[in-house]
Amino acid sequence: MIISNDKVVTIDYSLTDEEGELIDSSVGEEPLIYLHGHHGIIPGLEQALAGHRAGDKVEVSIPV
């Protein structure tokens, strides 16, 4: 499946700050589930995930 509008997407994630300190993670927890294209997650992340496929590993930096 290619990530596109109206697709239900499940992601495992680790969120770090600029110094690499872990802020939040789904490791050992339930993954994040959202409906793509409906602004359920921050726009920069949603844009970065668009077009990727299940199983892809994506590293995204989002400016504050």
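Start with I11: setting aside neighbours within four places in sequence, I11 is in contact (heavy atoms within 4.5 Å) with S26, P31, L32, L45 and L49. Keep in mind that this is a predicted model, where local features need pLDDT of at least 70, side-chain atom pairs count only at pLDDT 80 or more, and totals for chains, interfaces and linings use all residues. Residues are numbered from 1 along each chain as its sequence is written, and side-chain values use heavy atoms, with hydrogens and water left out.

I11 also belongs to the largest nonpolar core, along with I3, V9, Y34, I41 and L49, six residues in all. A nonpolar core here is a set of buried Ala, Val, Leu, Ile, Met, Phe, Trp, Tyr and Cys residues joined through side-chain atoms within 4.5 Å. Buried means under 20% relative accessible area, exposed over 50%, and partly exposed in between, with a 1.4 Å probe and protein chains only.

Now to V8, which sits in strand β1; strands (E, at least two residues) and helices (H or I, at least four) are DSSP runs, numbered from the N terminus. V8 counts as exposed because its relative accessibility is 54%. Skipping neighbours within four places in sequence, V8 is in contact with M1, I33, Y34 and L35. M1 itself lies in the segment before β1. Its contacts, not counting residues up to four places away in sequence, are K7, V8, H52, R53 and A54. M1 and H52 are 51 residues apart along the chain, yet their C-alpha atoms are separated by 8.4 Å.

Next come strands β2 (residues 14–16) and β3 (residues 22–25), which run antiparallel and are joined by three bridges; two strands pair if DSSP finds at least two bridges between them.

A pocket is an open set of points on a 1 Å grid over the protein atoms alone, where a 1.4 Å probe fits, with protein on both sides within 12 Å along at least five of seven lines; lining residues have an atom within 4 Å of a point. The lining has 32 residues, with Y13, S14, L45, V58 and V60 nearest the pocket's centre. β1 gives the most to this lining, with four residues.
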